[in-house]
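Thank you all for making time this morning.

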Amino acid sequence: ARAKALFGCAHANVQPHSGSQANQGVYLAFLEPGDKIMGLDLRSGGHLTHGSRVSVSGKWFQSISYEVDARSQRIDMDQVRRIALKERPRLIIAGGSAYSRQMDWAEFRRIADRVGAIFMADIAHVAGLVVAGVFPSPVEHAHVTTTTTHKTLRGPRGGMILSADAEIARRIDAAVFPGLQSGPLMHVVAAKAVALGEALKPAFRTYARAVVDNARVLCDRLSQGGLSVVSAGTDCHLGVIDLRPWELTGKAAETALEQIGITVNKNAVPGDGARPLVTSGIRVGSAACTTRGMGADEFREIGDMILATLGGIRSGTMNARTLKSIHEGVSDLTGRFPLPY
């Protein structure tokens with residue numbers, strides 16, 4: 001009931017154990033092995049479960065990808081339309097794990113309708129921003145919407161599937177159980193209910209707005225310091241940094257920042273030629289530190305510490321003493337904003 005109220009949908013299946021299983025539930029409900037699916041390429045910010053060759057989604061189905069425009073690094077809807085008309089996929093997926101811009105949900109639906117495809121929106125990363133009204137909702141446009149309940153929704157690790165059509169809801173429910181899962185994890189379902197209850201409160205909207213503001217501050221600071229931000233900014237909680245101009249790999253940056261107490265993850269960037277376990281970029285985010293109470297000043301400080309660390313590696317001047325000094329700065333910052341309990 002809380003999920004339906006938050007997302008404005010008629011039906012919510014709250015049992016999927018993860019976002020990946022939520023996506024699998026949709027595939028099982030509507031597809032047969034060998035059907036065509038179409039999603040955002042991994043290097044453009046897509047997700048493994050949207051057709052990657054190493055995922056079930058890419059092994060069981062014919063996977064077709066669309067990419068971001070080389071210059072703007074944003075999704076080119078004309079390209080999406082051309083590919084869809086040529087390939088006629090059974091399912092079109094919008095959403096990603098490292099795409100920082102808004103998506104044209106309505107145009108995706110128009111394209112899906114034109115080729116007779118099911119339109120699935122995966123909002124795993126932005127669900128909390130969607131329910132707070134700071135990021136556009138796909139629910140009124142998509143045949144089915146999947147999400148996680150952690151990330152910006154700040155709940156337990158788990159997934160949900162949202163729909164408005166009774167027949168779609170019936171097929172989704174049957175796909176989740178008995179199609180994919182056995183007994184539900186009721187302790188996690190209960191935790192989802194608590195998180196959704198928190199998201200219904202006015203304070204959550206304040207939090208979500210701050211998440212987006214802080215992400216923009218962080219991306220702006222990194223850009224001012226000379227790093228290349230993919231698509232030149234963000235509309236959500238995350239930013240993707242292209243390290244190729246600094247001749248650094250994502251793996252090296254991730255390892256170095258972990259040493260000073262800043263957690264990021266290596267991430268592919270548009271046109272990335274590096275191996276997936278190395279990558280040419282990193283993904284940064286603002287949700288966790290915003291929950292701790294940090295604001296614009298603190299995110300500029302975080303940006304400065306990232307720049308100092310990666311700049312030291314780039315120039316070859318990084319040493320144990322400098323590394324220790326930056327780490328002490330991280331410790332001071334987190335000490336001023338302790339974890340909530």
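**A walk through the model**

Let me begin with Ala287, which lies in helix H11, the run of residues 287-291. Please keep in mind throughout that we are looking at a predicted model. Is Ala287 buried or exposed? With a relative accessible area of 14%, Ala287 falls under the 20% cut-off, and therefore we call Ala287 buried. As for its surroundings, if we leave aside residues up to four places away in sequence, Ala287 touches Thr152, Tyr207 and Val211. There is also His237, which sits 50 residues away from Ala287 along the chain, and yet the C-alpha atoms of these two residues are separated by 6.3 Å.

Let me turn now to a pair of helices. Helix H10, residues 250-260, packs with helix H12, residues 296-315, at an angle of about 125°, and their axes are 10 Å apart. How are H10 and H12 oriented to each other? An angle between 115 and 145 degrees is neither roughly perpendicular nor roughly antiparallel, and H10 and H12 are therefore oblique to each other. Their crossing is right-handed. On the H10 side the contact is made by Ala253, Ala256, Leu257 and Ile260, while H12 contributes Met305, Ile306, Thr309, Leu310 and Ile313. If we sort the residues of this contact between H10 and H12 by class, we find eight nonpolar, one polar and no charged residues.

Arg88, which is not a glycine, has a positive phi of about 50°, and Arg88 is found in the loop between helix H4 (77-87) and strand E4 (91-94). The relative accessible area of Arg88 is 47%, so Arg88 counts as partly exposed. In Ala232, again a residue other than glycine, phi is positive and near 65°, and Ala232 lies in the loop between strand E8 (228-229) and strand E9 (238-242). Ala232 has a relative accessible area of 68%, which means that Ala232 is exposed.

While we are on the backbone, please find Phe177 and Pro178, which are joined by a cis peptide bond with omega at about 15°. Pro178 is found in helix H7, residues 166-180.

Finally, the cysteines. How many disulfides does the structure hold? The count is zero. Cys236, for example, is in no disulfide, and the nearest cysteine sulfur, that of Cys219, is 8.5 Å away. Cys236 has 1% relative accessibility, so Cys236 counts as buried. Cys9 has 8% relative accessibility, and therefore Cys9 counts as buried too.

Key. Residues numbered from 1 in each chain as written. Predicted model: local features only at pLDDT ≥ 70, side-chain atom pairs only at ≥ 80, totals over all residues. Heavy atoms only, no water. Axes fitted to C-alpha atoms, helices over the stretch in contact; angles between N-to-C directions. Helix = DSSP H or I, 4+ residues; strand = E, 2+ residues; numbered from the N terminus. Parallel < 35°, antiparallel > 145°, perpendicular 65-115°, else oblique. Left-handed = near helix turned anticlockwise from the far one by under 90°. Contact = heavy atoms within 4.5 Å. Nonpolar A, V, L, I, M, F, W, Y, C, P; charged D, E, K, R; others polar. Disulfide = S-S within 2.5 Å. Buried < 20%, exposed > 50% of the residue type's maximum accessible area, 1.4 Å probe, protein only.
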